[in-house]
Amino acid sequence: MELSGRTCMVGIFGDPVAHSLSPAMHNTAFRELNMDWCYAPFHVLPRYLEEAVRGVRALGLRGVNVTVPHKETIMPLLDVIDPEAVAIGAVNTIVNEGGVLAGHNTDAFGFVRSLEAKGILISGRRVHVLGAGGAARAVCHGLLGKGLSSMLIVNRTVDKADRLAAHLAVRYPGVDIRAASGTDLSTADIVVNTTSLGLHASDPFPLDPMDLRADLVVCDLVYRPGGTPLLRRADERGCHVIDGAGMLLWQGWQAFKLWTGLEPPVSAMTEALRQAGVQT
Ligand code: ATR
């Protein structure tokens, strides 16, 4: 990649950041469109976040993605925040408009689009969301914007699920939104694992795999090459399985659009992920 005096810079703030596939995905997209842009990884420790954010203005970066552990703590450091990101309580994309930093959340869109891209109908369906943390909040907001019939939020700490359900019920009064400490999949069409269970080989299943029916859509935000144990078991039982790769692609697709105003080259971005071993 040739940098010039006019190269427009974007990047990602995270800790850790070395594993991120976003640089490959975005730089491939810039090359595909012959753009003089560059996407760089920035390993930003929590204690330097404020300075790093000031650096976006000072260095004239066009924007950055924000990943773990900064998605929430970055919010008070920004100038404006998109209403959906406020509702979710997390920002994963910043756009620098002449020194004014605007926070967005493209994770909710990314998750929903990853389902739609696989032909999955969301409207009118019954969804169980496992987990009630940051990832769950983005997933719930994304799905509720698409006209669900019901949502059950299942969490080990049921208090947290209760609070999230109550928050969502105010915003989506037409949808039956409840919380529980366990899941009964007989009342679900789509189940989404947003917990970290599945990241490590020794983790227990986040649900009883005997309950998996062939007509269920099973999504797991945890991405592992070859699938998480949950997705592998769901696949064996004939379920429609969706992993986190599509969400990675589509959240980046929307961030690219926010920064450049251009139509992101989705096949080049997909190919960049494939070359990094991630099949969408
Ligand atoms: P993220 O931003 O990835 O959602 P988070 O906000 O820390 O991360 O949320 C992690 C979620 O995974 C929570 O719902 C957590 O459940 P608790 O609220 O009870 O902590 C869930 N989780 C993590 N480890 C778990 C485990 N071993 N068993 C069940 N749930 C787990």
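Salt bridges and ligand site

Analyst: Glu271 and Arg274 form a salt bridge through their side chains, N to O 2.9 Å; the term means a side-chain nitrogen of Lys or Arg within 4 Å of a carboxyl oxygen of Asp or Glu. This is a predicted model, where local features need pLDDT of at least 70, side-chain atom pairs count only at pLDDT 80 or more, and totals for chains, interfaces and linings use all residues. Residues are numbered from 1 along each chain as its sequence is written, and side-chain values use heavy atoms, with hydrogens and water left out.

User: How many salt bridges by this rule?

Analyst: The count is 12.

User: Where do Arg137 and Glu72 sit in the chain?

Analyst: Their side chains meet in a salt bridge at 3.1 Å, N to O. Arg137 is in helix H5 (residues 134–144) and Glu72 in the loop between strand S3 (63–66) and strand S4 (80–81), 65 residues apart. Helices (H or I, at least four residues) and strands (E, at least two) are DSSP runs, numbered from the N terminus.

User: Switching to the ligand. Which side chain has an N or O atom 2.7 Å from a ligand oxygen?

Analyst: That is Asn155. For Lys160, an N or O atom of the side chain is 2.9 Å from an oxygen atom of the ligand.

User: And how far is the polar side-chain atom of Arg156 from a ligand oxygen?

Analyst: For Arg156 the distance is 2.8 Å.

Methods: Polar contact = N/O pair within 3.5 Å; in protein donor to acceptor, adjacent residues only side chain to side chain.
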